[in-house]
Amino acid sequence: MGNVFSPFYLFTFILFFVAVLLFFGLAYPHHLHYQEQFQLFLFDSTYVWEIVKRPGGIADLLGRFCTQFFLFAWVGAFIIAVLLSAVQLLSFRMFKVQRSKFNVQWLYGLSFVPSFLLWLFLLDENALLGGVWAVLLTQLAIWGLVRLPDGWARRILVIVAFVILYWIAFGGSHYYRYPNVFPTLLYAAWFSAIIIPLVMWFIVRGRKSENAQQQNNSLTIPGQSSPPRSLSHLIPLTSFILVSVVMGTLVWKNANFKAEKVMQYDFMARHQQWNRILETINDEKPNNQIGVTVQNLALAMHGMLLDRMFDYNQNGIAGLLPDVKEDATSPLPTAEAFYHLGMINVAQRSVFEAQEAILDFQKSGRCYKRLAQTNLINGNYEVARKYLAALQKTLFYKEWANETLPLLGNEKAIAQHPEYGRLRQMAYKEDFYFSDHVTPEMLENLYFSNTNNRLAYQYLLAYYLLTGDREGYNNLISKMQ
Amino acid sequence: MKRYISSYIILQAFAVMLLSSCANHPSVPSDTSASSVLPPIFPDYCDVTVPYNIAPLNFMLPADEYDECVARLTTSDGQQQTYGHGVKVQIPESEWHAMLNASKGKSIKVEVWGQKEGKWLSFSPFEIHIAEEPIDEYLSYRLIEPSYIVYDYMEIAQRNLTTFEETQIFNNKVTCDDSKGQCINCHSYQNYKTDNMLFHVRVTRGGTVIVNDGKISKVDLKRDYTISAGVYPSWHPSAKLIAFSTNQTHQSFHTAHPNKTEVYDLASDLILYDIATDSVSVISNDSTLLEVFPTWSPDGKYLYYCKSVPLPEEMRDKDIRATYSKIQYNLYRRSFDVATHVFGEEELVYDAASVDKSVSLPRISPDGRYLLFALGQYGCFHIWHHDADIVCIPLVAPPSPDTPQPSPLDLTMLNGKDAPDSYPSWSSNGHWIMCASRRDDGNYSRVYFAYFSNGKVKKAFLMPQEDPEMHISLLKSYNRPEFMVEPVRISVNEFSKVFDK
């Protein structure tokens with residue numbers, strides 16, 4: 001095998017790095033946003049200890065730490081590219097450790113297999129980066145061990161390393177958000193990261209002894225000599241291309257671009273990118289519930305819901321304000337609509353339920369932020385303070401939390417705040433019960449609480465138009481007159 | 001050898017530094033300006049009465065107002081010690097318990113200094129009164145997010161009140177293998193002991209886990225003739241019988257009212273479960289009324305429970321969500337013959353509806369002289385009702401229509417202001433009242449204790465935590481706090497095995 005820093009190896013390494021970076025940065029960015037929004041990494045000793053005290057906790061912690069950067073998709077893509085490239089590099093280095101003078105270059109492409117398997121693993125929005133760290137930490141440990149001179153010290157270190165590895169990387173099971181799904185791809189990557197170098201080692205070892213024997217017999221062994229210089233990169237290049245094409249095709253075929261699109265709508269709603277939403281729906285009309293919900297919200301934010309809603313796909317009331325389901329994903333875009341409408345308690349409930357439904361019981365920076373806002377608007381300052389105090393311990397929500405804290409209890413500042421002041425004015429004045437299903441009465445009550453609430457007006461009329469309730473519509477019109 | 005010696009010395013020096021930093025006995029600030037107000041400490045332990053075996057009452061000054069805090073504690077025999085690190089005062093357990101033992105039946109004087117913008121402020125001193133009666137050593141509760149319908153991780157935990165040790169009794173992850181999740185609730189004990197106890201598991205692998213003389217089993221309490229499995233339990237004090245309510249419970253949410261959630265029953269009855277025969281008999285199942293929250297008298301001769309008052313005729317057929325704010329519960333009891341399992345006639349104990357109130361969660365003091373309950377405007381799930389308070393009435397005479405309604409005791413020192421107070425209970429010696437309260441922020445319930453003696457109640461105090469900030473940072477509610485005189489000794493794994501059968 002050649003030097004890892006030789007131009008050829010460097011070229012393939014960079015090629016792989018760039019491919020991963022571009023994939024997650026361009027084709028899969030909203031999967032990264034999705035990942036980030038379902039965790040809340042706290043710079044807090046109790047939080048850290050609760051994670052690292054569990055078997056596999058170090059890998060889990062490193063994964064969570066990196067995932068917080070997924071708020072910025074390109075940074076997330078860069079982190080993933082670095083990690084997957086590191087796995088490849090270590091696989092390759094472990095081949096090198098054999099210090100073989102024998103030609104096993106046809107195996108070069110296999111050094112990419114663990115990284116490609118991890119890439120496949122990460123296509124699932126519920127696969128966690130801690131799994132990648134677990135593979136990487138295992139590789140690092142093995143790489144370090146095989147470099148040690150043989151002897152008792154190494155044997156003892158191997159035993160100790162296995163115990164430590166169990167604790168820091170592979171003792172746990174927090175590699176998926178799913179509670180009871182075995183991460184087959186992750187374990188395949190882990191095994192390939194270990195097994196391939198081991199296979200290499202056995203091949204090299206076998207050839208060494210064979211060579212020694214043959215040297216004793218003074219025989220020339222065909223195939224033992226290095227290939228001609230002109231062909232020195234052809235064999236590894238072929239194996240690299242073969243593995244890259246096969247595995248790359250697998251990655252592309254298994255990527256869930258449909259989910260990516262849905263996540264994009266949720267992302268745009270979360271960040272109130274109303275213009276971008278309109279551009280997106282004009283390019284391709286959404287045909288899924290979340291897309292339609294966000295599309296309608298964006299139209300309403302531009303005051304165009306009633307005029308243009310039927311230019312796009314609709315899904316009855318389920319595309320306007322769908323029922324709150326017991327999952328972490330679908331309530332969030334609807335909660336955005338509730339929030340902007342001024343249905344603060346309904347929004348709060350939807351967000352709270354979504355957070356409670358996160359499969360691996362983590363908390364969410366996005367949800368904490370919104371819960372702080374709804375409690376602030378409702379005047380529940382001590383509850384808002386709790387969420388803000390937690391957000392102050394984060395890297396990327398800290399600034400917002402610091403800016404929001406002075407608002408607590410400051411009625412004048414809240415009243416003058418462009419968002420909170422407006423939403424307070426739009427909120428319900430009359431109390432009644434609600435549950436999972438939004439009724440026209442809820443929208444009607446909201447609108448008549450403050451007839452300046454143009455969003456409520458549009459949603460109310462859209463409700464009747466979408467349900468075909470002519471009588472309700474006429475009643476409303478006569479009430480308005 | 002030299003290297004070993006120097007390493008040893010360094011290690012020792014490090015250990016001494018570590019120990020000295022743990023002790024945290026700061027000097028009393030010298031240059032201070034006096035303030036005539038009590039220190040704004042959290043939790044508020046100013047002039048509270050505590051049991052002599054309670055864990056250290058650690059507290060803190062508001063971190064956004066003060067930079068440092070120093071407290072000096074002085075026992076009645078003149079011993080003094082100072083504490084403080086940052087804005088927190090955290091007292092080592094051994095030193096605290098030595099002070100409590102020296103002050104039993106007396107008081108500890110607490111002086112507090114707070115530093116703000118480089119200047120020290122000296123607050124008015126206060127006292128912590130040490131009662132001669134201990135509190136039950138253990139407490140169990142469910143730790144749960146104050147959620148709406150969906151829930152994630154929850155656990156039933158037990159806390160040693162003399163220390164800060166908290167261990168898990170059960171959690172909803174260990175046996176849950178379905179994405180629908182699992183709810184665990186309603187832990188309950190016979191006579192404050194843990195050899196006979198139960199809790200429910202709902203949804204995935206559901207059932208009631210019953211520990212009978214230390215043996216664990218899981219039973220299904222739903223029968224063809226009951227509207228649900230057993231819900232709110234009460235162990236008979238001497239027999240292996242458990243009274244349950246059966247409930248068809250629903251939830252709705254308020255659009256504007258601060259009472260975030262409304263929990264209501266569409267139907268509820270009372271049943272009696274006989275552990276020995278695994279049989280369920282109906283105590284009360286009036287389909288037009290709602291019976292709930294059974295509780296036995298300490299002698300086991302009466303079963304107390306809440307029952308709704310009939311709605312006016314014109315409201316009966318309406319959606320319960322429209323009429324729920326009119327539903328009120330009174331408190332009743334029925335005599336019970338433990339030999340025949342026969343219940344007597346119903347007697348009205350407390351007519352809450354006559355004062356336009358609604359009663360729930362009755363608990364009778366161990367000496368049988370007092371009755372605690374939660375009282376709110378309507379309904380029975382008062383932990384979400386901001387007007388709900390704990391009420392205590394004497395049980396001096398047998399209730400009868402001719403007997404005037406007993407006057408409630410003054411519990412203003414126990415109840416929070418404009419915040420839900422609910423789930424009251426008595427310690428086994430009857431000297432400590434415990435309740436769950438959302439008084440700190442209106443959303444996350446916490447456990448409060450108050451000293452009770454001869455009908456008088458002292459100022460309530462928040463269950464102490466090793467880090468006083470935990471009450472602020474913990475985003476879980478303490479649900480259904482129950483006293484125990486001993487810990488649950490069955491491990492989570494042992495409990496989980498009952499689900500394999």
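Mentor: Start with a definition: two residues are in contact if their C-beta atoms, placed from the backbone, lie within 7 Å. Keep in mind that this is a predicted model.

Trainee: By that definition, how many residues does the contact take from chain A and from chain B?

Mentor: A residue belongs to the contact when its C-beta atom lies within 7 Å of one in the other chain. Counted in this way, the contact takes 24 residues from chain A and 25 residues from chain B.

Trainee: Which element gives the largest share of the side of chain A that touches chain B?

Mentor: The elements of chain A that give two or more residues to this side are helix H16 (344-356), helix H18 (381-391) and strand S1 (433-434). By class, the side of chain A that touches chain B has 11 nonpolar, four polar and nine charged residues. The largest share of that side, five residues, comes from H16(A).

Trainee: What separation do the centres of domain 1 and domain 2 of chain A have?

Mentor: The domain assignment of chain A gives domain 1 as 7-217 + 232-254 and domain 2 as 258-480. 21 residues of domain 1 of chain A are in contact with 20 residues of domain 2 of chain A. The side of domain 1 of chain A that touches domain 2 of chain A divides into 10 nonpolar, eight polar and three charged residues. Taken over C-alpha atoms, the centres of the two domains of chain A are separated by 41 Å.

Trainee: Turning to chain B, how many helices and strands does it have?

Mentor: Of the 501 residues of chain B, 44% count as buried. Residues 24 or more positions apart account for 56% of its contacts with a separation of 6 or more. The elements of chain B are five helices and 33 strands.

Trainee: What radius of gyration does chain B have, and what would a compact globule have?

Mentor: Along its principal axes, the C-alpha trace of chain B spans about 80 × 60 × 45 Å. A compact globule with 501 residues would have a radius of gyration near 23 Å, and the value for chain B agrees with that: 25 Å.

Trainee: Which strand gives the most to the side of domain 1 of chain B that touches domain 2 of chain B?

Mentor: The assignment for chain B gives domain 1 (22-131) and domain 2 (138-497), with C-alpha centres 35 Å apart. 20 residues of domain 1 of chain B are in contact with 17 residues of domain 2 of chain B. On the domain 1 side, strand S2 (49-51) and strand S3 (59-60) of chain B each supply at least two residues. The strand that gives the most, with three residues, is S2(B).

Trainee: Which residue takes a positive phi in the hairpin of S28(B) and S29(B)?

Mentor: Strand S28 (residues 421-426) of chain B is mostly covered, with six of its six residues buried. Four bridges join S28(B) to strand S29 (residues 432-437) of chain B, and the two run antiparallel; Asp421(B) has Ser437(B) as its bridge partner in S29(B). Five residues lie between the strands of this hairpin, and the residue with a positive phi, near 75°, is Gly430(B).

Terms used. Residues numbered from 1 in each chain as written. Chains lettered and ligands numbered in written order. Predicted model: local features only at pLDDT ≥ 70, side-chain atom pairs only at ≥ 80, totals over all residues. Domains from an automatic or database assignment. Nonpolar A, V, L, I, M, F, W, Y, C, P; charged D, E, K, R; others polar. Rg over C-alpha atoms; globule rule 2.2 N^0.38 Å. Buried ≥ 20, exposed ≤ 12 C-beta atoms within 10 Å, placed from the backbone. Pairing = 2+ DSSP bridges.
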